Amino acid sequence: MKKPVTAVLDWLWDCLTYIVMNQGVVVSVRGSVVEMRFDHHLPPIYSLLRAGPARDIVIETLAQPGAPSVLGIALTPTPGARAGVPSV
């Protein structure tokens, strides 16, 4: 059995790996509809994602039309969202 501290560190490592590996890229923005591409894991529907230079654009995933694409709706204004901007 693992020590509690080791178990917590393993859990934190798994979380950080998932976040780093799960970065996506904005493909297109049409009004408040944002299409993103994720090469590793698609985020679940109804997940909140952040995009933009300061991660200030909040996007809720609404559809997974096909593997690697996700469609979402921006819950905040999208002036900094454009193709190529990373999203988490």
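What percentage of the residues in the protein chain do buried residues make up? Buried residues make up 27% of the 88 residues, where buried means under 20% relative accessible area, exposed over 50%, and partly exposed in between, with a 1.4 Å probe and protein chains only.

This is a predicted model, in which local features need pLDDT of at least 70 and side-chain atom pairs count only at pLDDT 80 or more, while totals for chains, interfaces and linings use all residues. Residues are numbered from 1 along each chain as its sequence is written, and side-chain values use heavy atoms, with hydrogens and water left out.

**Whole chain**

One helix and six strands are present, in the order α-β-β-β-β-β-β from the N terminus. Helices (H or I, at least four residues) and strands (E, at least two) are DSSP runs, numbered from the N terminus. Of the contacts with a separation of 6 or more, 46% are between residues 24 or more positions apart; contact means heavy atoms within 4.5 Å. The chain exposes about 5700 Å², and 66% of this area is supplied by carbon and sulfur atoms. Accessible areas come from the Shrake-Rupley method with a 1.4 Å probe, and for residues only the protein chains shown count as cover.

**Nonpolar core**

Next, select Val-26, Val-34, Met-36, Phe-38, Leu-49, Ala-51, Ile-57, Ile-59, Val-70, Ala-74, Ala-81 and Val-85, the twelve residues of the largest nonpolar core. Such a core is a set of buried Ala, Val, Leu, Ile, Met, Phe, Trp, Tyr and Cys residues joined through side-chain atoms within 4.5 Å. Strands E2 (33-38), E3 (48-51), E4 (57-66) and E5 (69-74) each give two or more residues to this core, and E2 provides the largest share, three residues. In soluble globular proteins, nonpolar side chains tend to be buried together.

Within this set, centre on Phe-38. Leaving aside neighbours within four places in sequence, its contacts include Leu-49, Val-70 and Ser-87.

**Strand pairs**

Now select E3 and E4, which pair in the antiparallel sense over four bridges; two strands pair if DSSP finds at least two bridges between them. Leu-48 stands opposite Glu-60 in E4. In the hairpin of these strands, which has five residues between them, Gly-52 takes a positive phi near 100 degrees. The hairpin from E4 to E5 passes through two residues.

Select Thr-61 in strand E4. Is Thr-61 buried or exposed? Thr-61 counts as buried because its relative accessibility is 1%. Thr-61 stands opposite Gly-72 in E5. A polar atom of the Thr-61 side chain lies 2.7 Å from the backbone oxygen of Pro-44.

With a relative accessible area of 17%, Ser-47 is buried. The Ser-47 side chain reaches the backbone oxygen of Pro-44 at 2.7 Å. Ser-47 also touches Ile-59, Glu-60 and Thr-61, not counting residues up to four places away in sequence.

**Ser-87**

Finally, select Ser-87 in strand E6 (residues 86-87). Ser-87 is buried, with a relative accessible area of 0%. Beyond its neighbours within four places in sequence, Ser-87 is in contact with residues including Asn-22, Met-36, Phe-38 and Arg-50.

Technical notes. Polar contact = N/O pair within 3.5 Å; in protein donor to acceptor, adjacent residues only side chain to side chain.
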